[in-house]
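Me: I would like to learn how to read a few features of a protein model. Please take them one at a time.

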Amino acid sequence: MGDPLSGDFVEAVAGFATGVVVLTVRDGRDDLGTTVTSFMSVSLEPPMVLASVATSSYLSEVLNRQNRWAATVLSASQRALAGRFAAEGRPSARILLAAEPHHRGEHSGALIPETGVSALECETRQAMEAGDHTLFVAEVLATDYIAGGQHPLIRVNRRYL
């Protein structure tokens, strides 16, 4: 395998299709969020998921303080929302969701967009550094909603499909 810093690694994984999730967390008076494409289920009993967040990000710092958060699996119609939550220097999640139907999760207090495929409220059970990212393994406290018939937003080759 080529040197990962040469770009071979980036090219190799860019072709792997992933779902797109917006991860949100309430931090005192502020709401934060980001687009995540490294998200997966890891256990059915208990129900657990894993989210990978850049360790250097402010969101990672907040997730190390606030153990309850929400993950919304975005629908194909939410491409613009994914882009807004992925932008550098993005504002508060409240501003990003101002024009979108959303609510606060009962268990996490996090903002949850309402037009996704599904939304989960989670509580971190373990956080571990892995290279330049932190892996947050969380138990699913509740399924906020499941919208049958929605097609998920997919990212592959650096594009949303």
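**Strands, burial and a pocket**

Reply: Valine 22 is placed opposite threonine 35 of strand E3. Keep in mind that this is a predicted model.

Me: In which sense do E2 and E3 pair, and over how many bridges?

Reply: Strand E2, residues 21–27, pairs with E3 in the antiparallel sense, and seven bridges join them. Two residues lie between the strands of this hairpin, and glycine 28 has a positive phi there, near 65 degrees.

Me: Why is E3 described as largely enclosed by the rest of the structure?

Reply: Buried means under 20% relative accessible area. Six of the seven residues of E3 (residues 30–36) are buried, so the strand is largely enclosed by the rest of the structure.

Me: Is threonine 72 buried or exposed?

Reply: Threonine 72 belongs to strand E6, residues 68–73. Its relative accessibility is 0%, so threonine 72 counts as buried. Beyond its neighbours within four places in sequence, threonine 72 has contacts that include Val22, Ile112, Pro113 and Tyr145.

Me: How many aromatic pairs does the structure hold?

Reply: A pair of aromatic rings is described by the distance of the centres and the angle of the planes. Here the count of aromatic pairs is zero. Tyrosine 160 does have the charged end of arginine 155 over its ring, 5.0 Å from the ring centre.

Me: What is the volume of the largest pocket, and which residues are closest to its centre?

Reply: Rolling a probe the size of a water molecule over the atoms shows where empty space is left. The largest pocket has a volume of about 960 Å³. Its lining has 27 residues, and Val13, Thr37, Ser38, Ser52 and His133 are the closest to its centre. Helix H1 gives the largest share of that lining, four residues.

Terms used
Residues are numbered from 1 along each chain as its sequence is written. This is a predicted model: local features need pLDDT of at least 70, side-chain atom pairs count only at pLDDT 80 or more; totals for chains, interfaces and linings use all residues. Side-chain values use heavy atoms; hydrogens and water are left out. Buried means under 20% relative accessible area, exposed over 50%, partly exposed in between (1.4 Å probe, protein chains only). Two strands pair if DSSP finds at least two bridges between them. Contact means heavy atoms within 4.5 Å. Rings of Phe, Tyr and Trp (its six-membered ring) pair if their centres lie within 6.5 Å; planes under 30 degrees apart count as stacked, over 60 as edge-to-face and the rest as tilted. A charge sits over a ring if NZ of Lys or CZ of Arg is within 6 Å of the ring centre and within 35 degrees of the ring normal. On a 1 Å grid over the protein atoms alone, a cavity is a set of points where a 1.4 Å probe fits but cannot get out, and a pocket is an open set with protein on both sides within 12 Å along at least five of seven lines; lining residues have an atom within 4 Å of a point. Grid points are joined across faces, edges and corners, and a volume is the space filled by probe spheres set on the points.
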